[in-house]
Amino acid sequence: MPDSRVPRLRRFLVCEPRHFAVQYAINPWMHPDTRVDVDLAQEQWQALIRAYLAHGHTVDTVPPVPGLPDMVFAANSAVVVGGRVFGSLFHAPQRRPESLHYDLWFKTAGYEVYRPESVCEGEGDLVPTSRYVLAGTGFRTTRDAHREAQEFFGLPVISLTLVDPYFYHLDTALFVLDEHTIAYYPEAFSPGSREVLARLYPDAVLATRDDAMAFGLNSVSDGRHVFIAPRAEALAARLADHGFVPVPVDLSEFHKAGGGIKCCTQEIRS
Ligand code: ARG
C-alpha cells in the first residue's frame, strides 16, 4: 500500500513575506511586541516554495503590499474550486484591504471573483474535499458564509464548529490527505462536529494536541507528499505508517502570527 500513493500536481498561489510582521493581535498566537526576523521568514518561505517546485507543483505569486503584514497568508484570500473563485471578507478590519489585491490578481488572470456578503476567510475555513466543502465557524467565517459558499459552488457544505481559540481557522485543525481521507485534531471541534467528522471519515488520521500546537495540521498534501511542520513528529510518523511521505518544512517565524504551511498556500483548483 505505501508505494501506491500517487501525487496529483497542484497549482498554488502564494505571497512573498517581504512586509511580514506582527503588528496587531487577532488570534492567541499573536503578541504585538513580538519581533519577527524578516530575513529568516524569507528564507523559510523560499524553502517552502522550493519544496513545492521540487515536487512538480506550480507556484504563482501575488505581489506583497506594504502595510499588510498578514498578506503572506494566501490561503485566507479565496477558495477556488472548478475555476470558480469565492473571495474573502475578513473578520479583522486590519486584513480587509488584502482582498482587493488578491481579487485584482484573479481578475488579471482571467477569473471572475464572487464577493461574499458575510465574513469569510477563504481556505482558512472553507476546505474543499472531493465531495464536500468542509467549513469552519466559531471564530472567523460565519454560517451565513457557509450558505453562500454552498449556493456558489453547488457542493454540500458541511458546517463544523471550532471551539479552541488556538485553532481559530479550520485549516489549523484539519487538512485533506487525499480524495478519501483527512487528518484532524478532534478536540478543536464541538462534540457534534466531532461526530460528523467521525461519520464522514472513519479512517481519518487523528492528531494530538502537541501535533496541532506544532502546526502539524496546517499541512499541504498532494496525495503522496505531505508538506508538514517538522515539530509535528508524532503526526508525521503516523502519516508515514499510512503510506504518505512527510516533507518537513519549518515555518517557525510564521507561527508567531498564528500561521504555517497551509496558511501560506492557496490552491487554485481548475
Ligand atoms: N495572523 C493571521 C490571522 O490571524 C494568520 C492567518 C493564518 N491563516 C490560516 N489560514 N490559518 O488572520
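Where is the place of Phe215? The views below take up this residue along with the rest of the protein. This is a predicted model, in which local features need pLDDT of at least 70 and side-chain atom pairs count only at pLDDT 80 or more, while totals for chains, interfaces and linings use all residues. Residues are numbered from 1 along each chain as its sequence is written.

**View 1. Phe215 sits in a loop.** Phe215 belongs to the loop between helix 5 (209–213) and strand 12 (220–221). Helices (H or I, at least four residues) and strands (E, at least two) are DSSP runs, numbered from the N terminus. Phe215 counts as buried because 26 C-beta neighbours lie inside 10 Å. For this label, 20 or more other C-beta atoms must lie within 10 Å of the residue's own; 12 or fewer make a residue exposed, anything in between partly exposed, and C-beta atoms are placed from the backbone. Its phi is near 65°, a positive value in a residue other than glycine. Most residues other than glycine have a negative phi.

**View 2. Gln150 lies in helix 3.** This helix covers residues 143–153. Gln150 has 17 C-beta neighbours inside 10 Å, so it counts as partly exposed. Leaving out residues up to four places away in sequence, Gln150 touches Leu155, Pro156 and Val157; a contact means C-beta atoms, placed from the backbone, within 7 Å. Leu13 is 137 residues apart from Gln150 along the chain, and their C-alpha atoms are separated by 23 Å.

View 3. Two strands pair if DSSP finds at least two bridges between them. Strand 1 (residues 11–15) and strand 2 run parallel, joined by 5 bridges. Follow Val14 across to strand 2 and you reach its bridge partner, Thr61.

Note on methods. Contact = placed C-beta atoms within 7 Å.
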